[in-house]
Amino acid sequence: SVKNAVEIILNICANTVFFSVVISILFRFAGVSRLSVVLGGMIEMTNAINKMCVLKNYLFSSSVGILPYIAFVLGFGGVCVHLQVAGVVRKTDLSLKLYFLGKTMHAFFSFAAAYALTKLIM
């Protein structure tokens, strides 16, 4: 069980480091825009959300306007998270296609709900 736990931790750490580098390269070459930050969030969510928060005044019209985009990224989870989940459930009979579809739907529903709430606030 210790060996299995170490393998899982290494898988998670390796995915996080790899996709953090990928998202840094994306921002360096594509620049920082609303689209690149959301696409970056679909790759690796934590760095992209951090970039959204740091540049919220530059990218978004208000502090509240950032919330739907953060909700979308959190709902989707990022490719990094999807690969981490795939590594953990690969030996089970769980459907990764269904998981991916559910996370995609979750992202769009989260965006819509957060967008509606921000319109009530603003």
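User: Which residues does Val 37 touch, not counting residues up to four places away in sequence?
Analyst: The model is a predicted one. Contact here requires heavy atoms within 4.5 Å. With residues up to four places away in sequence left out, the residues that Val 37 touches are Phe 27, Val 32, Ala 48, Lys 51, Met 52 and Leu 59.

User: Is Gly 75 buried or exposed?
Analyst: Gly 75 belongs to helix H5, which covers residues 67-76. A residue counts as buried if its relative accessible area is under 20%. The relative accessibility of Gly 75 is 2%, and therefore Gly 75 is buried.

User: How far apart in space are Gly 75 and Met 105, C-alpha to C-alpha?
Analyst: Leaving out residues up to four places away in sequence, Gly 75 touches Lys 103, His 106, Ala 107 and Ser 110. In sequence, Gly 75 and Met 105 are 30 residues apart. In space, their C-alpha atoms are separated by 8.2 Å.

User: Is the aromatic pair of Phe 111 and Tyr 115 stacked or edge-to-face?
Analyst: The structure holds six aromatic pairs. For Phe 111 and Tyr 115, the ring centres are 6.1 Å apart and the planes meet at 15°. Planes under 30 degrees apart count as stacked, whereas those over 60 count as edge-to-face. The angle of 15° therefore makes this pair stacked.

User: In which helix do Phe 111 and Tyr 115 both lie?
Analyst: Phe 111 is partly exposed at 26% relative accessibility, and Tyr 115 is also partly exposed, at 42%. The two residues are four residues apart, about one turn of the helix, and both lie in helix H7 (residues 96-121).

User: Which residues do ring pairs link into a cluster with Phe 111 and Tyr 115?
Analyst: Phe 60 and Tyr 69 form a tilted aromatic pair, with 5.1 Å from centre to centre and 45° between the planes. Phe 60 is buried, at 5% relative accessible area. Ring pairs join Phe 111 and Tyr 115 into a cluster with Phe 60 and Tyr 69.

User: What accessible area does the nonpolar surface patch containing Phe 29 have?
Analyst: Phe 29 lies in helix H1, which covers residues 2-30. Its relative accessibility is 72%, so Phe 29 counts as exposed. Together with Val 17, Val 21 and Ile 25, Phe 29 forms a nonpolar patch on the surface whose accessible area is about 430 Å².

User: How many helices and how many strands does the protein have?
Analyst: From the N terminus on, the order of elements is α-α-α-α-α-α-α. The C-alpha atoms fill a box of roughly 50 × 30 × 20 Å along the principal axes. The count is seven helices and zero strands.

User: What share of the accessible surface belongs to carbon and sulfur atoms?
Analyst: Of the 122 residues in the protein, 30% are buried. The accessible surface of the protein comes to about 7700 Å². The share of this surface that belongs to carbon and sulfur atoms is 72%.

Technical notes: Residues numbered from 1 in each chain as written. Predicted model: local features only at pLDDT ≥ 70, side-chain atom pairs only at ≥ 80, totals over all residues. Heavy atoms only, no water. Buried < 20%, exposed > 50% of the residue type's maximum accessible area, 1.4 Å probe, protein only. Patch = residues over 30% accessible without salt bridge, like charges linked within 9 Å, V, L, I, M, F, W, Y side chains within 5 Å. Areas by Shrake-Rupley, 256 points an atom, 1.4 Å probe, with all protein chains shown as cover. Salt bridge = Lys/Arg side-chain N within 4 Å of Asp/Glu carboxyl O. Phe/Tyr/Trp six-rings, centres within 6.5 Å; stacked < 30°, edge-to-face > 60°.
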